[in-house]
Amino acid sequence: MCLEFLENTGYNTQSVMNYKVEVRKMINAAIVLEGGSLRGLFTSGVLDVLVEQGIECSYVNGVSAGSMNGMNYISRQTGRTLKINTDYIHDKRYISFENMMKNRQIFNFEFLFGELSTELVPFDFDTFYQSPQTFEVVATRCRTGEPEFFEKSTCSDMMAAVEASSSIPVMSRMVSVDRKKYLDGGISMPIAYQRAIDLGYEKIILILTRHNGFQKPPLSPLMRRVYARYFAPLPRLSQALHEVPERYNRMQLEIDRLKQAGQIYVIRPEVPVKVSRLEKDIRKLTDLYGEGRRVALNHLPALEKYLEI
C-alpha cells in the first residue's frame with residue numbers, strides 16, 4: 001500500500017531527498033525515540049515529516065535504532081534511513097549472520113559508519129555536529145547493567161556511543177567508549193522519557209515502534225539460560241536482561257498515565273507492526289516507513305497545538 005502512498009505524495013523512493021527546510025524556529029521541546037532495530041523504519045517516516053514541516057526540537061534522545069534515526073533527524077536528511085534499508089538490506093556488508101559469526105556483529109557498524117556514511121549514502125556530519133540541538137544516546141554499561149547517556153557535544157566518540165546503544169546482546173560484541181564496555185541501551189532504558197522530564201522539558205514527544213497495548217512476553221526458559229550463561233561474568237547485566245519485559249511493560253503503563261495527564265505526546269503505530277527486528281522484506285520495510293509518514297501527517301494538527309506552534 002505505502003509504495004503507492006509515497007508515489008502519490010511525490011516522495012522519491014529511489015534517492016535521498018536531503019531536504020534543507022527552513023526551520024520555523026527552534027522549539028523548546030524534547031523528542032524521545034524508542035529502538036526496535038528495523039521497526040525503526042516507522043520512526044524514520046515520522047521524523048522525515050517533522051523535518052519537512054520545519055519542526056525542530058531543542059532536545060532529542062534515542063535508544064538503539066532510535067539513536068541512528070535521531071542522527072538523521074539532527075542532520076535533516078530525509079529519506080536516508082529508508083534508502084539504506086532498501087538498497088543495502090541484502091548486502092552482507094551491512095547485516096548478516098556471517099558478520100555475527102566472524103566479527104560478533106549482526107549489524108556491521110564499521111561498514112555503516114564507514115563506507116556507507118562517507119561514500120555510498122553520505123551522512124552530513126557537519127550539519128549534525130554544528131546543530132544547536134542537544135542529542136543524547138543511551139547505552140547500557142555492562143559492568144553495572146545501568147543506563148548511561150552520551151551527548152554529541154561532549155562525548156569523545158559519538159559514533160562509538162551510537163554503536164554501543166545499538167548493539168544487540170549476544171548478537172553483538174560489547175563496545176568500548178572511554179575504556180568502558182557497553183551494549184544496547186534498550187536493556188536498561190528502552191524509552192528514555194524520564195530523562196527528558198528530569199531535564200525540565202514540559203513538551204515531550206515520544207515516537208514509539210509498538211502499537212498501543214503491546215506487552216513484552218516473559219523471557220523464554222531458553223533465553224534465560226542463554227543470558228545466564230553468556231553473561232555469567234557480568235551478573236548485573238544478566239539481571240538487567242532478565243528484567244527487560246517487566247521494565248518495558250511497566251513503562252507502557254507509565255506512558256499511558258503521562259499521556260492522559262497531558263505531560264507527553266505519543267506517536268506510535270496504529271496497528272501491530274509485522275516487521276521483525278531483522279526484516280529482509282523490502283516491501284514490508286517501505287510500507288512501515290510510509291505508515292510512519294501517514295501517522296505523522298494525521299497527527300500534525302494535534303501535535304502543532306500541543307507544541308503551541
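The largest pocket holds about 740 Å³ of space, a volume being the space filled by probe spheres set on grid points that are joined across faces, edges and corners. A pocket here is an open set of points on a 1 Å grid over the protein atoms alone, where a 1.4 Å probe fits and protein lies on both sides within 12 Å along at least five of seven lines, and its lining residues have an atom within 4 Å of a point. The model is predicted, so local features need pLDDT of at least 70 and side-chain atom pairs count only at pLDDT 80 or more, while totals for chains, interfaces and linings use all residues. Residues are numbered from 1 along each chain as its sequence is written, and side-chain values use heavy atoms, with hydrogens and water left out.

Of the 29 residues that line the largest pocket, Arg39, Lys216, Tyr227, Val244 and Arg277 are the closest to its centre. The largest share of this lining, three residues, comes from α13, where helices are DSSP runs of H or I with at least four residues and strands are runs of E with at least two, numbered from the N terminus. By class, the lining has 17 nonpolar, six polar and six charged residues; Ala, Val, Leu, Ile, Met, Phe, Trp, Tyr, Cys and Pro count as nonpolar, Asp, Glu, Lys and Arg as charged, and the others, Gly among them, as polar.

From α13 we can turn to α12. In α12, which spans residues 235–242, Leu237, Ser238, Ala240, Leu241 and His242 are buried, that is, under 20% relative accessible area with a 1.4 Å probe and protein chains only, whereas exposed means over 50%. Among the elements that cover these buried residues are β3, β6, α11 and α13. The axes of α12 and α13 lie 4 Å apart, and the two helices pack at an angle of about 50 degrees, which makes α12 oblique to α13. In this packing, Ala240, Leu241 and His242 of α12 meet Val244, Pro245 and Arg247 of α13, with contact meaning heavy atoms within 4.5 Å.

Two loop residues complete the tour. Serine 37, in the loop between β1 and α2, has a positive phi of about 55 degrees although it is not a glycine, and serine 37 is buried, with a relative accessible area of 12%. Arginine 179, in the loop between β5 and β6, also has a positive phi, near 65 degrees, but at 85% relative accessibility arginine 179 counts as exposed.

Definitions and conventions. Axes fitted to C-alpha atoms, helices over the stretch in contact; angles between N-to-C directions. Parallel < 35°, antiparallel > 145°, perpendicular 65-115°, else oblique.
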